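I opened the model to look up a few side chains and how they pair. My notes follow.

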Amino acid sequence: MSSTHNRPPHGILLLTCPDRPGIVYAITELLADGGYNILHSQQFDSSSTGTFFMRVEFAAASGETIDFVELNERIAPLAQRLGMTYQLADSTRRMRVVIMVSKFAHCLNDLLFRHSIGELGIDVVAVVSNHPDLGRIADSFGVSFRHIPVTPESKPQAEQALLDLVRAEAVDLVILARYMQILSENLCKQLNGHAINIHHSMLPSFKGAKPYHQAHARGVKYIGATAHYVTTDLDEGPIIEQELIRVDHSLSPQDLAACGREAETKALARAVRWHSETRIVSVDNRTVVFQ
């Protein structure tokens with residue numbers, strides 16, 4: 001597993017385009033002509049769709065800072081010629097994040113701890129909750145806590161308050177860390193590509209109250225969790241990461257729930273890290289993740 005946190009400041013180019021000969025050469029030539037050294041490069045050619053994906057980390061050979069405006073101007077004509085969509089990111093810029101929670105604390109506590117030790121390249125702008133219960137955890141990590149109650153009548157106003165916060169604080173990513181409210185279609189569209197959710201995943205699927213009691217009654221052998229981008233299709237957005245834990249008949253429903261919490265924290269933390277490090281391309285309700 002690679003990480004960018006211990007490397008010197010560098011740029012990241014993440015791209016996708018129809019596959020054709022010469023793409024790698026064109027990208028490397030453009031960077032070399034600009035005076036950049038390639039630090040790390042990964043690529044993937046999807047034979048089923050004829051689509052090419054690439055992620056390149058690079059630094060100025062002179063050791064100077066990267067002029068991202070100038071570089072973007074040089075990439076744009078090439079992107080147009082290749083039919084390429086791309087992201088150009090600065091590794092020194094930390095993504096600004098809002099974490100949304102309800103009453104379950106495990107994912108929030110895990111993310112804030114990882115953030116506090118520098119494991120995640122994010123800045124947590126605020127923790128937002130429809131209940132006041134977890135304010136103490138946010139306070140313990142020195143993070144602002146916003147209680148925005150949600151009722152059927154107040155839901156439009158609550159979602160607008162969230163959007164106002166996102167815009168005022170220039171938030172890059174909203175993390176639903178066991179936020180137990182269904183987002184409206186409008187909010188899902190507003191946050192498209194910029195919101196990650198986590199939920200349990202077991203086969204068979206158990207919905208409604210007490211899913212782990214249902215799983216125990218059916219004798220499941222695996223407990224899992226899925227982290228995915230939020231879309232208007234409930235819990236069916238592009239999957240970023242999944243975690244599985246093998247279980248057996250000796251475990252109680254409470255034990256299964258504990259395994260589920262462990263799976264959720266791991267899957268969500270990896271998804272957040274990969275997103276913050278510009279490692280994910282989402283296309284046709286699927287993702288390509290460069291690790």
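I call a residue buried when its relative accessible area is under 20%, exposed when it is over 50%, and partly exposed in between. I keep in mind that this is a predicted model.

**Entry: Tyr229**

I started with Tyr229. Buried or exposed? Tyr229 has 7% relative accessibility, which is under the 20% limit, so it counts as buried. I found Tyr229 in strand β10, residues 222-229.

Next I asked which residues Tyr229 touches. Leaving out residues up to four places away in sequence, I noted Gly193, Ala195, Ile196, Gly237, Pro238, Ile240, His275, Ile280, Ser282 and Thr287. Two of these got a further look. Ile196 is 33 residues from Tyr229 in sequence, yet their C-alpha atoms are 4.5 Å apart. With His275, Tyr229 makes a side-chain to side-chain polar contact of 2.8 Å.

**Entry: helix α8 and what follows**

I then went to α8. It has 24 residues. From first C-alpha to last I read 34 Å, close to the 34 Å expected at 1.5 Å a residue. How many of the residues of α8 are buried? I got 18 of the 24, so the helix is largely enclosed by the rest of the structure.

Thr278 follows α8. Thr278 sits in the loop between α8 (253-276) and β12 (280-283). Its phi is positive, near 55 degrees, and Thr278 is not a glycine. At 7% relative accessibility, Thr278 counts as buried.

I looked up another non-glycine residue with a positive phi. Lys210 has a phi of about 50 degrees. Lys210 lies in the loop between β9 (195-200) and α7 (211-218). Thr278 is buried, whereas Lys210 is exposed at 57% relative accessibility.

**Entry: salt bridges**

How many salt bridges does the structure hold? The count is 14.

Arg279 and Glu57 meet through their side chains, N to O at 3.9 Å. This pair links distant parts of the chain. Arg279 is in the loop between α8 and β12, Glu57 is in strand β3, and 222 residues separate them. Both Arg279 and Glu57 are buried.

Arg279 also forms a salt bridge with Glu277, at 2.6 Å from N to O. Glu277 is buried, as is Arg279. Which residues do shared partners join into one network? I noted Arg55, Glu57, Glu277 and Arg279.

Glu57 has a further contact. The side chain of His10 makes a polar contact with the side chain of Glu57 at 3.4 Å. His10 is in the segment before β1 (11-18). The relative accessible area of His10 is 1%, so I class His10 as buried.

Then I checked Arg94 and Asp123. Their closest N and O atoms are 2.9 Å apart, and the two form a salt bridge. Here too the pair links distant parts of the chain, 29 residues apart. Arg94 is in the loop between β4 (85-90) and β5 (95-101), and Asp123 is in strand β6, residues 122-129. Arg94 is partly exposed at 34% relative accessibility. Asp123 is partly exposed as well, at 31%.

**Entry: aromatic rings**

Last, I turned to the rings. I counted aromatic pairs and got two. Tyr36 and Phe58 form an edge-to-face pair, with 5.4 Å between centres and 70 degrees between planes. Tyr36 lies in strand β2 (residues 36-46) and Phe58 in strand β3 (residues 51-60), so the pair ties together parts 22 residues apart in sequence. Both Tyr36 and Phe58 are buried.

Stacked or edge-to-face for Phe44 and Phe53? The planes of Phe44 and Phe53 stand at 25 degrees, with centres 5.8 Å apart, so I logged the pair as stacked. The cut-off for stacking is under 30 degrees. Phe44 is partly exposed, with 38% relative accessibility. Phe53 is buried, with a relative accessible area of 3%.

Arg178 lies over the face of Phe104, at 4.6 Å from the ring centre.

Methods. Residues are numbered from 1 along each chain as its sequence is written. This is a predicted model: local features need pLDDT of at least 70, side-chain atom pairs count only at pLDDT 80 or more; totals for chains, interfaces and linings use all residues. Side-chain values use heavy atoms; hydrogens and water are left out. Rings of Phe, Tyr and Trp (its six-membered ring) pair if their centres lie within 6.5 Å; planes under 30 degrees apart count as stacked, over 60 as edge-to-face and the rest as tilted. Helices (H or I, at least four residues) and strands (E, at least two) are DSSP runs, numbered from the N terminus. Buried means under 20% relative accessible area, exposed over 50%, partly exposed in between (1.4 Å probe, protein chains only). A charge sits over a ring if NZ of Lys or CZ of Arg is within 6 Å of the ring centre and within 35 degrees of the ring normal. A polar contact is a pair of N or O atoms within 3.5 Å; within protein, one must be able to donate a hydrogen and the other to accept it, and residues adjacent in sequence count only if both atoms are side-chain atoms. Contact means heavy atoms within 4.5 Å. The expected span of a helix is 1.5 Å times one less than its number of residues. A salt bridge is a side-chain nitrogen of Lys or Arg within 4 Å of a carboxyl oxygen of Asp or Glu.
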